[in-house]
Amino acid sequence: QASLARAVAAHPRGAAKLAPAAAFSTLGVRTVGAIVAGTLVAFLAVLGVFLCYLPALAVPVLFGFATTLAALHPVGGIRALALSARHALAHPSWALPFGLVSAVMMMVSGNVPVIGPMFALALQVRAHRYVFGDGEEPVLHAAGSSDGDRNTQ
């Protein structure tokens with residue numbers, strides 16, 4: 001999934017052609033961070049479901065960008081969760097609606113073969129690039145990248 005996210009992020013820049021093999025093009029890059037972030041987000045979501053489902057909705061709000069942070073930037077899995085939560089807490093009026101819409105979109109897109117998950121991933125990567133920029137290092141100042149600093153070197 002991390003390799004696919006990197007391929008989807010590279011395509012608009014013209015750095016790579018989005019072909020079926022693109023999902024495997026960067027398979028060994030930052031593997032541990034992506035696995036840790038994905039596993040922790042999944043564990044927290046399952047734990048939230050056991051707590052009457054409402055806490056499960058907090059996971060995409062707080063940690064919605066953790067997997068893309070670990071996939072697209074050189075940050076570890078734990079740091080990716082912390083950065084995602086820090087952004088959500090700094091911008092709750094943006095993170096809450098996006099996280100909830102993202103959760104619903106993931107549930108619906110899972111029922112549309114091939115096109116649904118790809119649309120959801122493309123939207124997630126686009127939102128990630130808007131918030132954290134497109135450079136090697138994520139934009140981490142409090143205002144995010146919406147103040148003009150796009151970090152697109």
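Predicted model: local features only at pLDDT ≥ 70, side-chain atom pairs only at ≥ 80, totals over all residues.
A residue counts as buried when its relative accessible area is under 20%, and Thr-68, with a relative accessible area of 3%, is therefore buried.

**Thr-68 and Ala-80**

- Thr-68 belongs to helix H4, which covers residues 66-72, and, leaving aside its neighbours within four places in sequence, Thr-68 is in contact with His-73, Gln-124 and His-128.
- Ala-80 sits in helix H5, made up of residues 77-90, and is buried, with a relative accessible area of 0%.

**Aromatic rings**

- The structure holds four aromatic pairs, one of which is the stacked pair of Phe-65 and Trp-94, at 6.0 Å centre to centre and with 20° between the planes.
- Because Phe-65 lies in the loop between helix H3 (58-63) and H4, while Trp-94 lies in helix H6 (residues 92-109), this pair ties together parts that are 29 residues apart in sequence.
- Phe-65 is buried at 5% relative accessibility, whereas Trp-94 is partly exposed, with a relative accessible area of 30%.
- Phe-65 also forms a stacked pair with Phe-98, at 5.6 Å centre to centre and with 5° between the planes, and this pair links the loop between H3 and H4 to helix H6 across 33 residues.
- Phe-65 and Phe-98 are both buried, and together with Trp-94 and Phe-132 they form one aromatic cluster.

Conventions:
Residues numbered from 1 in each chain as written. Heavy atoms only, no water. Helix = DSSP H or I, 4+ residues; strand = E, 2+ residues; numbered from the N terminus. Buried < 20%, exposed > 50% of the residue type's maximum accessible area, 1.4 Å probe, protein only. Contact = heavy atoms within 4.5 Å. Phe/Tyr/Trp six-rings, centres within 6.5 Å; stacked < 30°, edge-to-face > 60°.
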